[in-house]
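My notes follow in the order I made them.

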Amino acid sequence: MSKDIAQILLDTQAVFLSVEKPFTWASGIQSPIYCDNRKVLAFPKERETIKQAFLNILKEYDYDAIIGTATAGIPMASILADATNKPLGYVRSSKKDHGRQNQIEGFSKEHSKVIVVEDLISTGKSVLKVVDALKEAGIEVIAVIAIFSYNMHLSQEQFSASGVSYRVLSDFNTLMQLALEQGMITSQQEKQLKKFQNNPQNNEWIQA
């Protein structure tokens, strides 16, 4: 299934590989890969495949509600909450500065168990801030699920320290192998991609 999902991400151009002209992430990191899984929402057949893959994972858990991360995780969280007939909520990156100043919207029942839906995991910092906000509200996060992971060591360390498990449908390593097999990247570019993955804050991969 990981290969199938990776192929969907390539086919729908949800993932772009550009070793020669790196992308700049919001964090300032220079990256040879840019992932925008919201692209998949425009393709009903592919969206359904991803939905079913998530539903297979959700069967393994006992939970009360589904929580999306704002904003990228909200559409798929909504689809999954509808498919499972579960309550839905989402968590903002920070509290509103007006009204009731909520950070958690929709479902926010104390002592409940939830699944958090994210579109992708890079360093893991942003989604774990969501987990922390839920914990502060007395809500237990059973697991984080996402479409894609960059397989970065930092994310693995962050999740391990948090005590929260995470599951992804596909990942950087699988996608990179597919791209190599299909002639989308060269073996030299694969080496550069691996260097980036191992140390994204260091731009040595650009000169590799």
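**Entry 1: the buried side of α7**

I looked up which residues of α7 are buried, and got Gln189, Glu190, Gln192, Leu193, Phe196 and Gln197. They share one side of α7, because they cover an arc of only 160° around the axis. I then checked the face turned away from the buried side: Lys191 and Asn198 are the exposed residues there. I note that the model is a predicted one.

Next I took the length of α7. The helix has 12 residues. From first C-alpha to last, α7 reaches 17 Å, close to the 16 Å expected at 1.5 Å a residue. The helix runs over residues 187–198.

Which residue does Glu190 pair with in a salt bridge? I found Lys194, with the closest N and O atoms 3.7 Å apart. Both residues lie in α7, four residues apart, about one turn of the helix.

Glu190 has 14% relative accessibility, so I log Glu190 as buried. Lys194 has 39%, so I log Lys194 as partly exposed. The cut-off for buried is under 20%.

**Entry 2: other salt bridges**

How many salt bridges does the structure hold? I count six. Side chains of opposite charge can pair when their charged atoms come close. I wrote down two further pairs.

- Glu48 forms a salt bridge with Lys51, and their closest N and O atoms are 3.7 Å apart. The two residues sit three apart in helix α2 (residues 44–58), so about one helical turn separates them. Glu48 is partly exposed, because its relative accessibility is 34%.
- Asp36 and Arg38 meet through their side chains in a salt bridge, at 3.2 Å, N to O. Arg38 comes out as partly exposed, at 39% relative accessibility.

**Entry 3: Ile50 in α2**

I went back to α2 for Ile50, which lies in this helix. Is Ile50 buried or exposed? Its relative accessible area is 0%, so Ile50 is buried. I also took one C-alpha separation: Ile50 and Gly28 are 30 Å apart. Along the chain the two are 22 residues apart.

**Entry 4: the cavity**

I turned to empty space. Rolling a probe the size of a water molecule over the atoms shows where empty space is left. I found one cavity of 30 Å³ or more. The largest cavity has a volume of about 60 Å³.

Which residues line the largest cavity? I listed Asn37, Arg38, Leu41, Ala72, Pro75, Met76, Asp119 and Ile147.

**Entry 5: the largest pocket**

I looked up the largest pocket last. Its volume is about 790 Å³. The lining has 32 residues, and those nearest the centre are Trp25, Ala26, Leu120, Ser122 and Ser126. The elements that give two or more residues to this lining are β4 (33–35), β8 (113–121) and α4 (125–136). Which element gives the largest share? My note says α4, with five residues.

I sorted the lining of the largest pocket by class too. I get 13 nonpolar, 12 polar and seven charged residues.

Conventions: Residues numbered from 1 in each chain as written. Predicted model: local features only at pLDDT ≥ 70, side-chain atom pairs only at ≥ 80, totals over all residues. Heavy atoms only, no water. Salt bridge = Lys/Arg side-chain N within 4 Å of Asp/Glu carboxyl O. Buried < 20%, exposed > 50% of the residue type's maximum accessible area, 1.4 Å probe, protein only. Expected span 1.5 Å × (residues − 1). Arc of directions from axis to C-beta. 1 Å grid on protein atoms, 1.4 Å probe; cavity = no way out; pocket = protein on both sides within 12 Å on 5 of 7 lines; lining within 4 Å. Points joined across faces, edges and corners; volume = space filled by probe spheres on them. Nonpolar A, V, L, I, M, F, W, Y, C, P; charged D, E, K, R; others polar.
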